[in-house]
Amino acid sequence: VQRNQASPLPTRDALHAGFFVGGYTGTYHAIKGILVQRGAQQETASFAAGTVAGTSVLFLDRDKRRTMALYLMARVAQSAYNSLKAKGKWHFWGNKWKHGDTLLFSVASAQVMYAYVIRPGTLPPSYLAFIERISPIARSVIGGVRDCCRSRPINAEALKSYCLKHGREFPLLDSNPSAIPCAIMHPKHESCLVHNQAVFLKAFRSTFPLYLSLSIVPVLVFNTNAFMRKPLKSVSRSLLNAVQSTTFLSTFVSIYMGAVCLHRNLDLPDHKLNYFVVGLFSGCSLLVEKKSRRSELALYVMPRAIDALFLSMVDRRYLPSIPHGEVALFSICMGSLMYYYDHERDTVAPFVHALIRRVVYGQDPLLKVPSVAKLLPQEEEDERYDE
């Protein structure tokens, strides 16, 4: 049902999204009502209704289903962790670490960056495109690094053309080098230090508009009254948050590039695990970000890392491929989230709580709910409800 620009009919994607949201909401309430009338416990009814209603995700295309399933998986893990910790049942090693969110982000980032360099096919195209957009290394050079790590002959002609394009002589004579040197990785700059400064500035310029919109739009949409009362305060706070988040991501890219350059200057042979270890160190850049956002960023990267690892193991035939596995995962996760929302609301993240409240129950998501407020640090709570 594609339409042209002059047609008043909705697009195909809009129709599918509408069928998905409407189908989920209607199915959830219908099944839950039937189960409760037949004597099922409220907890069982919430989980079962959410799981069955989750099959409405079939209205969406496969890539969107996978993305949503991975996102919900992280949110269910967050709610489960909050639930177990609140009940005093989480006694695992490291559960009281002050920077556990940074550790989780570092491990997840290490897997993602390893996948970016060595197995890019395990990352979603849009996610890979975002990494390539802020990456300081050209795609042809990354291909050469990948071939080098796999002990395969490099595409010398492509690398030579890239070097000559930037006014640098091609330094390699061997088609099977032990590592791709810095002269090829950043031919524009002879100095690795100068190159890393340029990397930071490039990443900052390319991502600042994105983070600025992500900081301002939620204020305008979800907290319009506070913005109208104190516009200068709201804008300045959003601007500061955007600068801080952009600095975090720029630092991540700069540390990753700097560590790779350091490895080259030590004249060590390349290995695919180097890019996992470098990702671990780069993840420490999360400490630049606000404490209240660190866990959110870790939960954003974690499902991508798990998915990349899973696809790698499927490719190597260590694990089987599961047909429509994303539908089953989404359904189970929605059932779990509806259980937590209905019966352990304190464990649900504020954004997810507001989304379920508005979409599934049709209620005002900005209404201050004590159970949600208790999840927020005081600073974030003030931002949300404007004191």
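Tutor: We'll take a helix, then the cysteines, then a surface patch. Keep in mind that this is a predicted model.

Student: OK, helix α12. Which of its residues are buried?
Tutor: Helix α12 covers residues 274–282. Its buried residues are Tyr275, Val278, Gly279 and Ser282.

Student: How are those buried residues arranged, seen down the axis of α12?
Tutor: They fall within an arc of 105 degrees, so they line one face of the helix. An α-helix has 3.6 residues a turn, so residues three or four places apart point the same way.

Student: And what covers the buried residues of α12?
Tutor: The cover includes α4 (100–118), α6 (139–149) and α11 (231–265).

Student: Switching to cysteines. How many disulfides does the structure hold?
Tutor: The count is 0. Take Cys148: the nearest cysteine sulfur belongs to Cys149 and is 5.7 Å away. A disulfide needs the sulfur atoms within 2.5 Å, so Cys148 is in none.

Student: Is Cys148 buried or exposed?
Tutor: Buried, with a relative accessible area of 8%. Cys333 is buried too, at 5%.

Student: Now the surface. Which residues form the nonpolar patch?
Tutor: Val21, Tyr71, Phe351, Leu355 and Val359. Together they have about 400 Å² of accessible area.

Student: Where does the largest share of the patch come from?
Tutor: From helix α15, residues 350–359, which supplies 3 residues. Phe351 lies in that helix, α15.

Student: What's the relative accessible area of Phe351?
Tutor: It is 44%, so Phe351 counts as partly exposed.

Key: Residues numbered from 1 in each chain as written. Predicted model: local features only at pLDDT ≥ 70, side-chain atom pairs only at ≥ 80, totals over all residues. Heavy atoms only, no water. Buried < 20%, exposed > 50% of the residue type's maximum accessible area, 1.4 Å probe, protein only. Helix = DSSP H or I, 4+ residues; strand = E, 2+ residues; numbered from the N terminus. Arc of directions from axis to C-beta. Contact = heavy atoms within 4.5 Å. Patch = residues over 30% accessible without salt bridge, like charges linked within 9 Å, V, L, I, M, F, W, Y side chains within 5 Å. Areas by Shrake-Rupley, 256 points an atom, 1.4 Å probe, with all protein chains shown as cover. Salt bridge = Lys/Arg side-chain N within 4 Å of Asp/Glu carboxyl O.
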